[in-house]
Structure formats: structure tokens, C-alpha cells
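Work through the exercises below with the structure open. Each task is followed by a stepwise solution.

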Amino acid sequence: MEYKNHMKLQFDSKSQNEAFARVVVAAFAAQLDPTIEEIADIKTAVSEAVTNSIIHGYDGNLGSVTVECNIIDNTLEIIIEDDGNGIEDIKQAMEPLFTSKPELERSGMGFTVMETFMDEVDVISEVGSGTKIKMVKKFNSLNEE
Amino acid sequence: MQLEYQLVQNTLIVKLKGELDHHVAEKIRQELDDTIKKNRCKNLIFNLSDMRFMDSSGIGVIIGRYKYISQIGGKVAVVEVSEKVDKIFSLAGMYRIIGKHQNQLDALNSL
């Protein structure tokens, strides 16, 4: 039978919550029996997406960020959503080294990290209404049993 | 995140202990710049043996310091890089601009 689990987390767009969000998602993913490397991949990808919402989505202003996780068998789906500024040109935003805020010493590697560390990354965004990032990672460890 | 410093002639060795993300980046950047300028360092070695987490915000911090050090004719190196930090460093092409060495002694000898 198919195994399913779900969780939803909502928090203020404060940078303190970047660590909070990645630790919670990593803890939720523990039931998939991930390797240390897989856990590090998830934490980094979540950190990138949440940081983007805080810096670019809300420009440092107070807003709300939602992190939703779905487990379906050995697959983890992570949805990170904000109601912020949105992204004008998604293709450009996802280019390695592109940053709209070079003055902040941003590396422009956020989306590249997400795409490298996760199996799938989808970005849905509308200027003025917000951004939704859906990431998927498949775990092999459970299959071996 | 905590920083531990060691000055060997004109080379500053900085041990980054803890997690380097966007939340702490600004504070770390400020502290590093103050220490580099106060000690008039030419070279910079980051010891990453106690780096528990780093994302692309950390890459931004390292690149920013590299820009300053290379401007004054110095070199930047990293030592004791863990597998997970190595993954993000390689992805960002960091080793094209900074050296990677096994330990502090190797890095010092390479400068």
C-alpha cells in the first residue's frame, strides 16, 4: 500500500527562521531513512528557497512564508510559498550567478543549488502576488529493504 | 556562528564554527572585514573543519572577501573542507579562484 504523510509550517519572513525551516524539513524527512548527504541536500535547498522569499519576495519587510511537505512512498515533495513581490523573469532568475541584488553580495547560486541538490524544481511566480517553489527528491534507501 | 582567528605573519587564518547562512552573513562579513583591515592581512585562509552548514549565502561571503584580498594582491585558501561544503563549493566554481588544501600548514606553504 502507498505510504503518505503531510505537514505544513507557516512562519514570519525573518532570517532567524531560515535555520528553523531547514531543520524542521530535515526532521520530517528522517522517516524516509535518508543518508547524511541527502539530509544535507534537503537542508541546503530549503535554506535557499526560504532565503529567496525573505530577501527577494518580501525585500526584508514582514510577510509570511509557508513550507509544505508531502511524502508519497519514497518521494519527498517540498513546497515553499510566499505572497511577496514575485519574479518578473523566472528564466533569468534561475541562471547561475544571476542576482538582482549584487550590492548584498548575493552569489546568484540559489536556484542552481536547488536544481542540483533536488531531483525536480518547479517555480511558479506572478509579479505582485508571490512565488511558489515545488521541489521533489526521491530516496533510494527504503527500496533496499 | 563563531569565528576563531590566528595570525601567521601577514596571513589571517579564520576558523568558521557553526552555520553560515543569510541570517548570520552580514554580521560575519562585518567582523571579517574589520579583522582583516585591523591586522593589515594580505592572505586569508578559511579553516572549515567545524562548518556545520553552508548555503549560497556563505559562498557570497567568501567571494566578497576574495574580491578584497585579490585587489590587494593576496590569496585566499580553504582547508579541511567537508564533503557537503565541497559539493556547494565545486558547484559555485569556487576552486577556480581560491585554493583548497588538506590543512593549514599546506595552505601556508602554498602562499
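## Exercise 1: The interface

The area buried between chain B and chain A is about 1,800 Å², and carbon and sulfur atoms give 54% of that area. The model is predicted.

**Solution.** 
1. Start with the residues in contact: 20 come from chain B and 25 from chain A.
2. Next, take the share of the area on chain B.

## Exercise 2: Charges and polar pairs

**Task.** State how many salt bridges the rule finds across the interface of chain B and chain A. Then check the pair A:Asp41 and B:Lys87.

**Solution.** 
1. The rule finds six salt bridges across the interface of chain B and chain A.
2. Apply the cut-off: a side-chain nitrogen of Lys or Arg must lie within 4 Å of a carboxyl oxygen of Asp or Glu.
3. The side chains of A:Asp41 and B:Lys87 have an N to O distance of 2.8 Å, and they meet in a salt bridge.
4. Now count polar contacts. Across this interface of chain B and chain A, 14 residue pairs are found, both residues at pLDDT 80 or more.
5. Then list the elements. On the side of chain B that touches chain A, two or more residues each come from helix H1 (22-38), strand E4 (51-54), helix H2 (56-71) and helix H3 (83-91) of chain B.
6. H2(B) gives the most to that side, with seven residues.
7. By class, the side of chain B that touches chain A has seven nonpolar, six polar and seven charged residues.

## Exercise 3: The largest pocket

**Task.** Which element gives the largest share of the lining of the largest pocket?

**Solution.** 
1. The volume of the largest pocket is about 520 Å³.
2. It is lined by 32 residues, and the closest to its centre are A:His56, A:Ile87, A:Ala93, A:Ser100 and A:Phe111.
3. Elements of chain A that give two or more residues to this lining include helix H2 (36-57) and strand E5 (130-138).
4. H2(A) gives the largest share, six residues.
5. Sorted by class, the lining has nine nonpolar, 15 polar and eight charged residues.

## Exercise 4: The second largest pocket

**Task.** Which residues lie nearest the centre of the second largest pocket?

**Solution.** 
1. The second largest pocket has a volume of about 280 Å³.
2. Of its 18 lining residues, A:Leu97, A:Arg106, A:Ser107, B:Ile63 and B:Lys67 lie nearest the centre.
3. H2(B) gives the most to this lining, with four residues.
4. The classes are nine nonpolar, five polar and four charged residues.

Definitions and conventions. Residues are numbered from 1 along each chain as its sequence is written. Chains are lettered from A and ligands numbered from 1 in the order in which they are written. This is a predicted model: local features need pLDDT of at least 70, side-chain atom pairs count only at pLDDT 80 or more; totals for chains, interfaces and linings use all residues. Side-chain values use heavy atoms; hydrogens and water are left out. Contact means heavy atoms within 4.5 Å. Buried area is the accessible area (1.4 Å probe) that two parts lose on being put together, summed over both. A polar contact is a pair of N or O atoms within 3.5 Å; within protein, one must be able to donate a hydrogen and the other to accept it, and residues adjacent in sequence count only if both atoms are side-chain atoms. Ala, Val, Leu, Ile, Met, Phe, Trp, Tyr, Cys and Pro count as nonpolar, Asp, Glu, Lys and Arg as charged, and the others, Gly among them, as polar. On a 1 Å grid over the protein atoms alone, a cavity is a set of points where a 1.4 Å probe fits but cannot get out, and a pocket is an open set with protein on both sides within 12 Å along at least five of seven lines; lining residues have an atom within 4 Å of a point. Grid points are joined across faces, edges and corners, and a volume is the space filled by probe spheres set on the points.
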